[in-house]
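Hello,

Here is the structure I promised to send over. Have a look at it first, and my notes follow below.

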Amino acid sequence: MSKLPTIHSRQLIAETRLFRVEQLQLEFSNGQQRQYERLLGGERGSVLIVPMLDDDTVLLIREYSAGSNDYQLGLPKGRMEEGEDPLQAANREIREEIGYAARDLRLIKTFTIAPAYIRHQTHVILARNLYPDKQSGDEPEPIEVVPWELSKWDELIAQADLSEARSIAALYLTRDLLGSVDASPTGAAIAPE
C-alpha cells in the first residue's frame with residue numbers, strides 16, 4: 001500500500017477564475033487502472049490565522065460566505081501571494097482583515113481539506129504580541145471583528161455561525177497548545193515591518 005499509483009496522464013477538464021479540475025489516469029501497484037478527478041487549489045496554499053489579543057482573547061471575524069450563503073464566524077484567512085512564506089502571508093492577512101499585525105508568529109499545523117478530492121494546503125498560524133496596523137485588502141465590505149475569550153469555550157463552540165471545520169480545528173489546537181505551555185511567546189518570530 002505504500003507504493004503510489006503511476007500517473008499515466010493528466011488533463012485539465014474545467015477551469016474558472018478560482019478553481020481548476022484535473023482528470024488523472026492512474027495505475028495502482030496491483031495493476032488496477034482508474035480515472036480520478038481532483039480539484040486543484042492554489043499552488044502556494046493558504047493561511048488560517050489564530051490572532052491572540054492576549055493569552056485568552058482570540059480575534060474572530062464574521063464575513064459573508066458564498067458557499068453557505070450566510071455570514072460565518074471564523075478565523076482570518078487567505079491565499080498566500082507570490083513570494084510569501086506562510087508567516088508573511090499570515091501577517092498580511094491579519095493586517096487586512098482585523099487591523100493588527102503580530103510580532104510573534106508560529107506555524108501550528110498544516111491542514112488539508114479533503115485530500116481525496118482537493119489538492120490544497122492550509123497553514124495554521126498562531127499570531128501573538130499583536131499591535132494595531134491596518135492595511136486595506138480585497139474584501140467587498142468591512143469585516144466584523146469579534147473578540148472571544150477561549151475560557152468561554154463552550155459558548156464559542158455552541159455558536160450556530162461557527163461551522164467551518166478548519167477554524168474549529170485550529171481553535172482546538174490553540175486552546176490545547178496555550179493550555180499546555182507558558183504564556184511567553186515562542187516559535188518562529190518575525191520583526192515588525
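Of the contacts between residues at least 6 apart in sequence, 60% join residues at least 24 apart. Please keep in mind that this is a predicted model. Buried residues account for 37% of the 193 residues in the protein. The protein exposes about 11300 Å², and carbon and sulfur atoms supply 51% of that area. Along the principal axes, the C-alpha atoms fill a box of roughly 55 × 40 × 35 Å.

As for secondary structure, you will find three helices and eleven strands. Reading along the sequence gives the pattern β-β-β-β-β-β-β-α-β-β-β-β-α-α.

Strand 1 pairs with strand 2 (residues 20-27) in the antiparallel sense, over eight bridges.

Which strands each supply at least two residues of its lining? They are strand 2, strand 3 (33-40) and strand 9. Strand 3 gives the largest share, with three residues. To select the lining in your viewer, take Leu-24, Leu-26, Tyr-36, Glu-37, Arg-38, Pro-115, Ala-116, Tyr-117, Ile-118 and Arg-119. By type, seven of the lining residues are nonpolar and three are charged, while none is polar.

Finally, there is one residue I would like you to look at. Glu-63 sits in strand 5 (residues 57-65). Is Glu-63 buried or exposed? Its relative accessible area is 19%, and the cut-off for buried is under 20%, so Glu-63 counts as buried. Leaving aside residues up to four places away in sequence, Glu-63 touches Asp-70, Tyr-71, Gln-72, Lys-77 and Ile-143.

I would be glad to hear what you make of it once you have had a look.

Best wishes

Key: Residues numbered from 1 in each chain as written. Predicted model: local features only at pLDDT ≥ 70, side-chain atom pairs only at ≥ 80, totals over all residues. Heavy atoms only, no water. Pairing = 2+ DSSP bridges. Helix = DSSP H or I, 4+ residues; strand = E, 2+ residues; numbered from the N terminus. 1 Å grid on protein atoms, 1.4 Å probe; cavity = no way out; pocket = protein on both sides within 12 Å on 5 of 7 lines; lining within 4 Å. Nonpolar A, V, L, I, M, F, W, Y, C, P; charged D, E, K, R; others polar. Buried < 20%, exposed > 50% of the residue type's maximum accessible area, 1.4 Å probe, protein only. Contact = heavy atoms within 4.5 Å. Areas by Shrake-Rupley, 256 points an atom, 1.4 Å probe, with all protein chains shown as cover.
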